[in-house]
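User: Hello! I have just opened this structure and would like a friendly walk through it. Could you take my questions one at a time?

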Amino acid sequence: FALWGIGLQMGGPFIAVYMISNLELTYTYVMAMSIAGTIVRIFSAQLWGRIADDRSWFLSAEGSLLCLGLTHLSWAFVNGSNYPFMIPILSLAAGMSWGGVGLSLFNIQYIFAAKKGRTIFIGVNAAISGAISFAAVRLSGHIIDRMDETVIHVGNLSFGSIQTVIF
């Protein structure tokens, strides 16, 4: 869960910042995409739960985490020319993925925690993961500040500071 927190929090919190500051999208558009993703998340939880019931929580976790990871990685390639079709796709894909991630990761913790002290175990795990996630956000913020206006060019692609931490 510590590695999960680092991986998610290094770039995840900056996706909305990137949409507003770099792509210059409106807050209304960003929130509309967030709401669309949340609606998909609500309905996809049933699908991921069915996968977990039919197969296992581990398969549900692996599938949803893989989808979320690919979605998260794809945000690094969103730019001013492709955002009209990329952002809706990635917002819906993130919602679909989060529907399984939320269910699976909690249930896997629950499975592995001993019955005695289960609540304490889950709480301590959340506290440690939260502290590590906070440190990851601070680190990525520092990287963004240090890179300032630096742009990394790889072939025909260009990555700014926020795209770099998302990647």
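This is a predicted model: local features need pLDDT of at least 70, side-chain atom pairs count only at pLDDT 80 or more; totals for chains, interfaces and linings use all residues.

User: What percentage of the residues in the protein chain is buried?

Analyst: A residue counts as buried when its relative accessible area is under 20%. The protein chain has 167 residues, and the buried share of them is 37%.

User: For contacts with a separation of 6 or more, what share comes from residues 24 or more positions apart?

Analyst: For the setting, the C-alpha atoms fill a box of roughly 50 × 30 × 30 Å along the principal axes. Among contacts with a separation of 6 or more, the share from residues 24 or more positions apart is 73%.

User: Which element gives the largest share of the lining of the largest pocket?

Analyst: This pocket has a volume of about 530 Å³. It is lined by 22 residues, and the closest to its centre are Gly12, Ile15, Trp75, Ala94 and Trp98. Two or more lining residues come from each of helix H1 (2–11), helix H2 (15–22), helix H3 (27–54), helix H4 (57–74) and helix H5 (83–112). The largest share, six residues, belongs to H3.

User: How many nonpolar, polar and charged residues are in that lining?

Analyst: For this sorting, Gly goes with the polar class and Trp with the nonpolar class. By class, the lining of the largest pocket comes to twelve nonpolar, nine polar and one charged.

User: Where on H2 do its buried residues lie?

Analyst: The buried residues of H2 are Ile15, Tyr18 and Met19. Looking down the axis of H2, these buried residues fall within an arc of 100°, so they line one face of the helix.

User: Is Ser60 buried or exposed?

Analyst: Ser60 belongs to helix H4. Its relative accessibility is 0%, and the limit is under 20%, so Ser60 counts as buried.

User: Which residue has its backbone oxygen 3.4 Å from a polar atom of the Ser60 side chain?

Analyst: Leaving out residues up to four places away in sequence, Ser60 touches Trp48, Ile51, Ala52, Gly100 and Ser104. One of these residues has its backbone oxygen 3.4 Å from a polar atom of the Ser60 side chain, and that residue is Trp48.

User: How far apart in space are Cys67 and Gly49, C-alpha to C-alpha?

Analyst: Cys67 is another residue placed in helix H4, and at 35% relative accessible area Cys67 is partly exposed. In sequence, Cys67 and Gly49 are 18 residues apart. In space, their C-alpha to C-alpha distance is 16 Å.

Key. Residues are numbered from 1 along each chain as its sequence is written. Side-chain values use heavy atoms; hydrogens and water are left out. On a 1 Å grid over the protein atoms alone, a cavity is a set of points where a 1.4 Å probe fits but cannot get out, and a pocket is an open set with protein on both sides within 12 Å along at least five of seven lines; lining residues have an atom within 4 Å of a point. Grid points are joined across faces, edges and corners, and a volume is the space filled by probe spheres set on the points. Helices (H or I, at least four residues) and strands (E, at least two) are DSSP runs, numbered from the N terminus. Buried means under 20% relative accessible area, exposed over 50%, partly exposed in between (1.4 Å probe, protein chains only). The arc is that of the directions from the helix axis to the C-beta atoms. A polar contact is a pair of N or O atoms within 3.5 Å; within protein, one must be able to donate a hydrogen and the other to accept it, and residues adjacent in sequence count only if both atoms are side-chain atoms. Contact means heavy atoms within 4.5 Å.
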